[in-house]
Structure formats: C-alpha cells, structure tokens
Amino acid sequence: MTQSHSRISKAVIPAAGLGTRFLPATKATPKEMLPVVDKPAIQYVVEEAVSAGLDDVLMITGRNKRPLEDHFDRNYELESALEKKGDAERLAKVQESSDLATMHYVRQGDPRGLGHAVLCAAPHVGHEPFAVLLGDDLIDPRDPLLRRMIEVQERHGGSVVALMEVAPEQIHLYGCAAVEATADSDVVKVTGLVEKPDPADAPSSYAIIGRYVLDPGVFGVLRETEPGRGGEIQLTDALQQLAQDEKVGGPVHGVVFRGRRYDTGDRGDYLRAIVRLACEREDLGPDFRTWLRSYVAEEMQQP
C-alpha cells in the first residue's frame with residue numbers, strides 16, 4: 001500500500017493539448033496562453049496552486065508550448081525597458097509570473113490522454129502525494145477548493161477528486177462518480193467512476209472537475225491501464241481501480257464544490273468567464289459594468 005500522509009508540495013499541470021476548439025487562435029499560440037482579461041489562463045492556475053501552498057510546479061507540455069516556459073521566465077530586456085521608463089506598476093506585473101513558484105517542464109511526446117500526461121510526472125513526483133490542476137477550470141481564489149482537498153487527503157490518505165453537481169443532460173461531458181455520504185457535508189466517498197457516461201447510465205449527478213489530489217500509487221495503476229474512451233489512457237479509469245481496491249493506493253474521496261468556477265475550455269464559457277472576472281475587478285469593473293448595462297439595454301430594444 002502506497003498511502004502517504006507527507007506534506008503535499010508539488011503540483012502537476014497538464015498543458016500538452018492542441019486547443020482545437022479555439023482554432024485558428026491556437027494555431028501558433030498555446031490555448032493556455034489565451035488571455036483572461038490581462039493574464040493568460042495558465043497563470044491563474046499556477047497562482048491557485050501557490051495559494052494552496054504548492055510551490056513546486058511541474059508543467060506537462062508538448063510541441064509549440066515554448067511560450068508557456070517563456071511566460072514564467074525572466075524577460076530582462078522588457079524589465080530593463082520598463083525600469084528605465086519608471087513604470088513600476090507594469091514592471092511588478094511582468095516580474096510576478098517569474099517569481100510565483102519553482103517551475104519545471106517535461107514534454108508529453110505522444111498525446112495519449114490525461115492519464116498518460118499524469119504518468120509523465122512520475123519521475124518528478126516520486127513517492128509523494130501531489131495535486132493535478134487542469135487549465136480549463138479556473139477556480140475563484142475566494143473559494144479555496146484545492147486547500148480543502150489537501151486537508152481531506154491529509155486526513156484520509158488516498159486520493160481526492162473535485163466534484164460538482166451538474167444537470168443530467170450535461171453529465172455526458174464529464175467523468176462521473178458514484179458516491180457515499182460521509183460525516184462532512186462537502187465530502188463523499190467515491191465508490192466508482194465512469195468517463196463521460198450516457199445520462200441514463202450515470203451513477204449520479206456528480207461530475208469530476210479539473211482538480212485532483214493523488215496518491216503516488218496511481219502511477220503503478222496508470223502503467224497498467226489500457227487505452228479507454230477515445231483511445232486514450234484515462235485518469236478516470238485508474239481512479240476507478242483505486243476506488244475499488246484501497247490496498248493499491250488508499251480510498252478515493254470527493255470534495256463537493258459549490259463555489260465560483262470559470263470554464264475556459266469552451267468558446268462561449270471562455271467569453272463569459274472574461275466578462276465575469278472583468279466585472280469583479282476594482283480597476284475595470286465600475287466602467288465595464290456601466291458599459292455592459294448600456295449595451296444589454298440597447299440590445300433588448302432591438303426588434
């Protein structure tokens with residue numbers, strides 16, 4: 001049994017996807033670098049990991065993902081130019097991303113699914129529990145989901161997934177969990193998982209969203225996991241085995257999330273995320289909300 005209760009300090013962020021839903025914008029620009037207001041989506045994810053105490057971040061990348069590394073690296077020419085201009089505000093913003101965390105990168109040479117991407121992290125993670133954060137889900141910093149998941153893992157061991165209730169007609173878009181209640185209202189024990197089930201076959205309305213805290217025992221399971229749905233190695237399939245056999249890597253629990261989540265994996269939801277976040281910004285919100293009300297009022301008057 002590989003169950004571990006050591007302090008979690010490492011985060012893994014899979015970022016090797018092609019971003020085909022955002023073509024042609026992602027032909028030469030990684031989808032993770034698309035701006036959400038004035039920061040790339042990936043920076044929000046790294047900031048979330050750091051705020052939960054995870055200052056060692058491994059990014060799983062692929063071809064044409066070099067801009068991700070550049071973003072979290074120093075840009076001495078730009079910093080020097082801003083410093084000469086006396087633009088301290090923009091200089092601080094530029095330096096912020098390079099000072100966030102200790103960043104590491106490894107390439108997923110063959111895009112074989114999320115499970116394979118997580119397996120690429122095994123040499124870096126070793127025998128410690130670790131977090132996995134998917135870049136399509138942005139979690140509002142006022143709702144510390146990842147910190148709560150770490151607390152649950154430290155108490156129970158094993159692995160923890162983030163769950164969210166969705167409408168039955170949407171469950172086919174997600175991995176879905178069969179669950180049992182626990183003494184905590186926001187924590188359930190996961191007894192089974194299935195990847196993107198038909199609504200009629202879904203064991204519950206609990207969908208897995210893009211946050212995981214995993215026992216290192218998942219690596220051994222992933223090495224033996226055959227390609228599943230879509231011909232890819234599914235992390236959901238490996239977690240299903242952990243849920244059924246706790247001797248492999250401890251139990252699997254779920255934290256039910258009822259907070260603010262911004263989905264940037266779909267073009268429409270990406271735009272809605274930008275509007276919501278811009279409205280809440282102190283520097284942009286007041287003027288932007290005024291314009292938005294005026295725009296909506298004008299549109300409502302259109303025949």
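**The second largest pocket**

Guide: The lining residues of the second largest pocket divide into 13 nonpolar, 5 polar and 15 charged; here Ala, Val, Leu, Ile, Met, Phe, Trp, Tyr, Cys and Pro count as nonpolar, Asp, Glu, Lys and Arg as charged, and the others, Gly among them, as polar. This is a predicted model, in which local features need pLDDT of at least 70 and side-chain atom pairs count only at pLDDT 80 or more, while totals for chains, interfaces and linings use all residues. Residues are numbered from 1 along each chain as its sequence is written, and side-chain values use heavy atoms, with hydrogens and water left out.

The space in this pocket is about 930 Å³. A pocket is an open set of points on a 1 Å grid over the protein atoms alone, where a 1.4 Å probe fits, with protein on both sides within 12 Å along at least five of seven lines; lining residues have an atom within 4 Å of a point. Grid points are joined across faces, edges and corners, and the volume is the space filled by probe spheres set on the points.

There are 33 lining residues, and K39, Q43, Y44, E47 and E96 are the closest to the centre of the pocket. Two or more residues each come from β3 (39–40), α1 (41–51), α2 (66–71), α4 (88–98), β7 (137–139), α7 (145–156) and α11 (267–280). Helices (H or I, at least four residues) and strands (E, at least two) are DSSP runs, numbered from the N terminus.

With 5 residues, α1 gives the most to this lining. The largest nonpolar core, of 49 residues, also takes its largest share from α1, 6 residues. Such a core is a set of buried (under 20% relative accessible area, 1.4 Å probe, protein chains only) Ala, Val, Leu, Ile, Met, Phe, Trp, Tyr and Cys residues joined through side-chain atoms within 4.5 Å.

Terms used. Buried < 20%, exposed > 50% of the residue type's maximum accessible area, 1.4 Å probe, protein only.
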